[in-house]
Amino acid sequence: MDVLLGSQRAWARRHAAWQVMSEAGVVLSGLTKRFEDHVAVRDLSVAVPQGSVLALLGPSGSGKTTTLRLIAGFEKPDEGTVVVAGVDVTDRAPAHRRFGMVFQHYALFPHLDVAENVGFGLTDLSAEERWQRVADALALVDLAGFQTRRVTELSGGQQQRVAVARAVAPRPQVLLFDEPLSNLDPSLRERTRRELREAIDRIGVTTLFVTHEQEEAFALGDVVAVLRDGALEQVAPAAQLYENPRTPFVATFVGRASVLRGVIVDGQRARIVPGVDWPVTSPVSLEPETAVVLAVRPEAVKLVGEGGVEGIVKECRYTGARAFFEVETPVGMVEFEASIHAARVGDRVRLAADTAHAFAEDVS
C-alpha cells in the first residue's frame with residue numbers, strides 16, 4: 001500500500017499537466033499493427049509524461065508486448081507514430097531510439113561477471129569511462145560493489161537489478177520492461193517489486209512496462225493503461241481505474257466484480273429485481289428505463305436481515321483475514337466479502353450493495 005500511495009503522490013507531484021504533449025517523454029498516436037488478418041494493436045494513442053511510469057496491463061493477446069515492440073522498433077506500425085522526447089522515431093532502427101530494455105528472462109551472460117554484463121554494450125567508451133558508467137549504473141540499482149560478482153551467485157531479484165543496470169548504463173531516454181517479475185517465485189515478487197520501484201525512482205527515466213498482474217501494475221505504475229484485443233480501454237492512476245472504471249471489461253479485469261443486469265430507475269439507482277434498487281455510479285449519464293450491466297465489488301455487497309436480493313450460498317473461499325462467498329440469486333451469482341463466520345454453504349441470505357458500476361447493456 002505504501003508503494004502504491006507513494007507512486008500516486010509522485011505522479012501527481014511531477015505530472016499535473018498530463019495532457020501537455022510537449023512535456024511527454026513518449027507519445028503514441030494512432031498506433032495500429034496487423035499480422036495478416038489479426039489486428040494486434042488497434043488505433044492506440046497515449047502520452048507518457050517525462051520521467052513517469054506507465055504500466056501496460058491486460059490479458060494474454062491484448063497487444064501489450066506488441067505495443068512495447070513497436071516503441072522499441074522491433075516491429076513497425078502499419079499506421080500511427082511513436083514520438084520520444086519530441087522526436088518522431090517511428091522509422092528509426094532500434095539502435096537509434098535511445099531506449100533500454102529489460103527482457104522477461106533478463107538475458108544475462110552467465111560466463112561474465114556483473115561489471116562485464118552491465119558494460120557489455122558500452123563499446124564506444126574508454127576503459128575508464130566504461131568502468132565509471134558501470135559503477136554509476138550499479139549504484140542506481142543499489143548494487144554498488146557488486147562488479148566482480150558472478151551473476152550465477154546472485155538472487156533472482158539481484159539478477160533483475162543487474163539487467164536494469166545494463167539497460168540504464170547507456171543513459172537511455174526510455175526504459176522498457178517486458179513482464180519484469182513473471183519468472184520470480186511468489187515469495188520474492190513483493191520485495192523485488194518494491195526494490196524495482198525504488199530503482200526506477202532513482203533513475204528518473206520515462207518507463208513503460210508490460211504485465212498481466214493487476215497488483216504489479218498498481219505497485220509499479222504511476223498510471224495504468226488497460227488493453228483489450230489490441231485497443232485501449234482506459235488509462236488512469238490505479239485508484240481511479242478501480243473506483244471509476246469506464247467499461248465493463250475494466251470493472252471486471254481490475255479487481256473482482258460480480259456482473260448482473262438491471263434497469264436504471266434514476267441517475268442514482270438501478271432496479272435489480274422488482275422492489276429491489278441498488279445505488280449506482282456510471283461513467284456516462286443514463287436515462288431511466290435504460291437496460292444496464294452492473295459490476296459490483298465484493299466489498300460493496302453486505303448481508304441484510306430483510307429486503308435485498310435473496311440467494312443461497314454456493315461456495316466459500318477462505319483467504320485468511322477474510323472470506324469470499326458466492327451466492328446464487330435470481331439475477332446471477334453475487335460475490336461478497338466478509339468474515340469466515342458470516343455464512344456457511346447452503347445458507348439462505350439476503351444481499352444489498354453500497355454501490356455498483358452501471359454500464360449501458362449494449363456496451364461491449
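Colleague: Before we look at anything, what should I know about the numbering and the model?

Modeller: Residues count from 1 along each chain as its sequence is written, and side-chain values use heavy atoms, with hydrogens and water left out. The model is predicted, so to speak of local features we need pLDDT of at least 70, and side-chain atom pairs count only at pLDDT 80 or more, while totals for chains, interfaces and linings use all residues.

Colleague: How many helices and strands does the chain have?

Modeller: Helices (H or I, at least four residues) and strands (E, at least two) are DSSP runs, numbered from the N terminus. Here the chain has 9 helices and 20 strands. Its C-alpha atoms fill a box of roughly 80 × 45 × 40 Å along the principal axes.

Colleague: And how do I read "buried"?

Modeller: Buried means under 20% relative accessible area, exposed over 50%, and partly exposed in between, with a 1.4 Å probe and protein chains only. In this chain of 364 residues, 49% are buried. Helix α2 (residues 64–72) is mostly covered, with 7 of its 9 residues buried; among them are K64, L68 and I71.

Colleague: Which residues are buried in α4?

Modeller: R133, V134, A137 and L138. Look down the axis of α4: the buried residues fall within an arc of 130°, so they line one face of the helix. That arc is taken from the directions from the helix axis to the C-beta atoms.

Colleague: What do the buried residues of α4 pack against?

Modeller: Contact means heavy atoms within 4.5 Å. The buried residues of α4 pack against α3 (114–118) and α5 (156–168).

Colleague: How do I check the length of a helix like α4?

Modeller: The expected span is 1.5 Å times one less than the number of residues. Helix α4 (residues 127–140) has 14 residues and reaches 20 Å from first C-alpha to last, close to the 20 Å expected.

Colleague: What comes after α4?

Modeller: D142 follows, and its phi is positive, near 60°, although D142 is not a glycine. You'll find D142 in the loop between α4 and α5. At 55% relative accessibility, D142 counts as exposed. Phi is also positive at D229, near 50°, again in a residue other than glycine; D229 is in the loop between β9 (223–228) and β10 (231–236). Just after α2, G73 takes a positive phi of about 95°.

Colleague: At what angle do α5 and α6 pack?

Modeller: Axes are lines fitted to C-alpha atoms, for helices over the stretch in contact, and angles run from 0 to 180 degrees between N-to-C directions. Helix α5 and helix α6 (residues 186–203) pack at about 20°, with axes 10 Å apart. That makes α5 roughly parallel to α6, given that angles under 35 degrees count as roughly parallel, over 145 as roughly antiparallel, 65 to 115 as roughly perpendicular and the rest as oblique.

Colleague: Which residues meet there?

Modeller: G157, Q160, R161, V164 and V168 in α5 meet T192, E195, L196 and I203 in α6.

Colleague: How do I spot residues that are apart in sequence but in contact?

Modeller: Take contacts between residues at least 6 apart in sequence: in this chain, 66% of them join residues at least 24 apart. For a case, S258 is in strand β11 (residues 258–266) and counts as buried at 6% relative accessibility. S258 and A295 are 37 residues apart in sequence and 5.5 Å apart in space, C-alpha to C-alpha. Beyond its neighbours within four places in sequence, S258 is in contact with L294, A295, V296, M333, V334 and E335.
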